[in-house]
Amino acid sequence: MIRDERIPSDELRRIDEEIRSNWPTGEDVDFEEAIEYHESLPDHKRFADVLESADKPLLQPRAGVPRLDDQIELLRYLHEEGQADLLPTTIDSYTRDNEYEKAQQGLDKALETGDDTLNGFPAVNHGVDGCRQLIDAVDAPIEVRHGTPDARLLAAITFAGGFQSFEGGPISYNIPYTKRHGLEETIEKWQFVDRLAGAYTERGVRINREPFGPLTGTLVPPSIAIAVMLVEGKLAATQGVRSITLGYGQVGNVVQDVAALNALKKLGNEYLPDEVVVTTVFHEWMGGFPPDEARANGVISLGGMTAAIAQPDKVITKSPQEFQGVPTKEANSAGLRTTRQVIDMAIEQKIDIDGIEEEQDLIERETRCLMDTIFEHGDGDVVQGTLKAFDSGALDVPFAPSDSAKGAVLPARDDDGRVRIFEWADLEMDEDIKEIHKARLSRRADTEGRDQSFRMVADDVDAISDGKLIGRPQSQPQGDV
C-alpha cells in the first residue's frame, strides 16, 4: 500500500537504474555530472529563479517538433519574434506512451524526409546530449511539457539534459489522459519523478514542477481543479520539490477566473509547506476555438485581460489557429504577442470588478470541502485519501476518460457564464453550497425558458467555438441575459 512518504535514497537509486535500462540513451545519465552541467548554466536559463522573480505575468506557448535543429529554430523564433519569456518543449505522443521504438522510427523518418512525422520532440530518443544542445542553443528557460502517465525515464533524461521545469502529475496526467493506467500506479511512478526532482533540489539545482491545472479542459469547476493541484503539490513537496507552479485553466467568466486564480495562490500557500515557493500558471482557454482567426483572437484577448487583472506568475498562451490543430510558428508567435499587448495595456490600470471576493470565498469553501474529505478518507494520508476519494466518487472530474474516476459530475454555466455543478453524483460538498449552485442554474433556466437538463451541459461545451460564452437556445436573444 503506497503512502505519502518520501522515497528512501537507496530505493531512488534502484528505480533509477531500472528505468534507465529501458532505452539505450538512459545509460548516458550521470547524476553528478548532470549537477555540474546545471551549475554551468547562466542565471537567465534557471527556470525557477526566472519565474519566481518576475514582476508581471510571463508568457509561454506550447511547441514541439521531432528534429533537434527544427526545435531549436522554432524556440528561437517564439522567443525572438513572439517575445515568449519562457519556452516549452512539447513531447511526442509515442514517448508519452513509453513507446520509444515507435518514436525512434518517427524520428528517423523525420530526419530522412524533413517532415514532422511526430507531434512533438522525442526527448528520450535525442538523449542527454540532444537535450543539452537544445538548452545551450536557446537563450531562455525551457520546460518539458508532455502528458505522460509514466514519466520516469523522460524525467531522468531531461533533468540530466539540463531542463529545470517539468509539467504534469499523477492525477492530472492520468484522469484526463488515459484508461490504461490505474491511479495508484501513476501516483507511485510520479513519486519517483518528484523524488528525483527533489534530489536535484537538495544539490542546489531547483527543479520546478508544474501540475497540469486544466485537467479535462472542459468546464472544470474551479474547486475541483484547485483541489487536484493542492494534492499534487503536496505529493511533490513530500519528495523534496521546493518550486511548485499550480495551474488553472480559463473557464471564460472573468470574475470566476480571477477569483479562482486568487484562491489558487492563497490555498497553495496555505496547504503546501512553508519551504515551498508557490507560483501560479493560467492556461488560456483549453476548449474548442472558433474556426475564424479574428474570433479566436478575441478568445485569446479575453485570456490576456483576465491575466492582467489576476496577475498569475505565468500564462500558457494559445494561437489563432487552435481550431486547425498544431499552429504554424507565425500563428503561435501571434498568440503570444496578442496576449502580451492586452496584458501590457491593462496591467497598469486599476480594474475593480464586483463579485470577485464573493466568488473567491465560494471557491475556497468548496475546495476546503474536497480537501477535508481527502484527509478523512486517508486518515490524514494524502495518497490513500486521494485513491479512496476518487474510488467513492467523493472526488471526481467531469468528462474524465480514466477508469480511476467516476466521471459522473456534470458542470453547466449559470446565467452569468460561471461554471456551476449541475449533477453532483457523489461529490462531497456541503448542502448549502449545493443549494447556491442549484439556485444559480435555476436562474439561467428561467432566463432561457427551459428546464435544467443535460441539454445545458451539451450546449455549453460548444458555446465558445460557436462564438458565445453560454450555450443558450438558438431562439434566445443574445442580449437578453
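Reader: In which sense do strands E2 and E3 pair?

Author: This is a predicted model, where local features need pLDDT of at least 70, side-chain atom pairs count only at pLDDT 80 or more, and totals for chains, interfaces and linings use all residues. Residues are numbered from 1 along each chain as its sequence is written, and side-chain values use heavy atoms, without hydrogens and water. Strands are DSSP runs of E, at least two residues, numbered from the N terminus, and two of them pair if DSSP finds at least two bridges between them. E2 (residues 87-90) and E3 have four bridges, and the sense is parallel.

Reader: Which residue in E3 is the bridge partner of Leu87?

Author: E3 covers residues 142-145. The bridge from Leu87 goes to Ile142.

Reader: Are the residues of E3 buried or exposed?

Author: In a regular strand, side chains alternate between the two faces of the sheet. Ile142 and Val144 point one way, Glu143 and Arg145 the other. Buried means under 20% relative accessible area, with a 1.4 Å probe and protein chains only. On both sides, these residues are buried.

Reader: Why does Cys131 count as buried?

Author: The cut-off is under 20% relative accessible area. Cys131 counts as buried because its relative accessibility is 0%.

Reader: How many disulfides are there?

Author: A disulfide needs a pair of cysteine sulfur atoms within 2.5 Å. By this rule the count is zero.

Technical notes. Buried means under 20% relative accessible area, exposed over 50%, partly exposed in between (1.4 Å probe, protein chains only).
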